[in-house]
Amino acid sequence: MAHHGHHELPELPYDYDALEPHISEQVVRWHHDTHHQGYVDGLNSAEETLAENRESGDYSGSAAAIRSVTHNGSGHYLHHLFWENMSPDGGGEPTGELRDRIEEDFGSYEAWKGEFKAAASAAGGWSLLVYDPVDKKLRNLVVDKHDQGALWGAHPILALDVWEHSYYHGYGPARGEFIDAFFEVVDWSHVADEYAKTTSNHE
Ligand code: MN
């Protein structure tokens, strides 16, 4: 039994209007129901194409389909994390082991946040806080599209979408205001869970 084409749009862990006033109901609806759905559909379609090409033995379209898997699959996975790492009960600052690790790897929480915001201001897609299992430390990444700027093996634990569809309807060109609003809804308990999961796999 093949497992291609089976991806589904995950439900939001809160209501569409739950992140207001920081992120509007309209933006969450468009972003989740249309944009995220589009990446799920694109991933399924590309996987179906690859399976058909394996059946027929005609691989002329396979390289393009593999590129589509990378783009749409990365889009799907990062949006899933993005929705999960926000909450109407979010905000504040990290605590516990995650806080300690941020301070160890970046010097201070403020230094991490300053660097993450710089990444988010410059990115053509996403800023990510990742755990790098090779160096065994946290890093910020600047991601263009969904997949350009990846560090192989690194596991994202916090994702911020800075594609224009993520903020333009609410904030216009004031991306910095959207980045500040994002910090009002970051669910640090979810980030800590992701950190604990990935470090237990690698340390
Ligand atoms: Mn998006």
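**View 1. Pro-21 sits in the segment before helix H1.** A cis peptide bond links Glu-20 to Pro-21. Its omega is about 5°. Helices here are DSSP runs of H or I with at least four residues, strands are runs of E with at least two, and both are numbered from the N terminus. This is a predicted model, in which local features need pLDDT of at least 70, side-chain atom pairs count only at pLDDT 80 or more, and totals for chains, interfaces and linings use all residues. Residues are numbered from 1 along each chain as its sequence is written, and side-chain values use heavy atoms, with hydrogens and water left out.

**View 2. Helix H1 covers residues 25–56.** Its 32 residues should span 46 Å at 1.5 Å a residue. The expected span is 1.5 Å times one less than the number of residues. The end C-alpha atoms lie 45 Å apart, which agrees. H1 has a kink of about 30°, centred on His-31. The bend at a residue is the angle between axes fitted to the seven residues ending there and the seven starting there. Gly-57 follows H1, and its phi is positive, near 80°.

**View 3. Helix H3 (residues 96–106) packs against helix H7 (residues 188–202).** The axes are 9 Å apart, at an angle of about 75°. Axes are lines fitted to C-alpha atoms, for helices over the stretch in contact, and angles run from 0 to 180 degrees between N-to-C directions. H3 is therefore roughly perpendicular to H7. Angles of 65 to 115 degrees count as roughly perpendicular, under 35 as roughly parallel, over 145 as roughly antiparallel, and the rest as oblique. From H3, Glu-97, Leu-98 and Arg-101 meet Trp-188, Val-191, Ala-192 and Tyr-195 of H7. Contact means heavy atoms within 4.5 Å. This contact has 5 nonpolar, no polar and 2 charged residues. Ala, Val, Leu, Ile, Met, Phe, Trp, Tyr, Cys and Pro count as nonpolar, Asp, Glu, Lys and Arg as charged, and the others, Gly among them, as polar.

**View 4. Helix H5 (residues 164–171) crosses helix H6 (residues 175–183).** Their axes come within 9 Å and cross at roughly 105°. H5 and H6 are therefore roughly perpendicular to each other. Ser-166, Tyr-167 and Tyr-171 of H5 make the contact with Arg-175, Glu-177, Phe-178 and Ala-181 of H6. By class, the residues of this contact are 4 nonpolar, 1 polar and 2 charged.

**View 5. Lys-136 lies in the loop between strand S1 (125–132) and strand S2 (137–144).** Its phi is near 55°. That is a positive value in a residue other than glycine. The protein chain has 7 helices and 3 strands. Along the sequence, the pattern is α-α-α-α-β-β-β-α-α-α.
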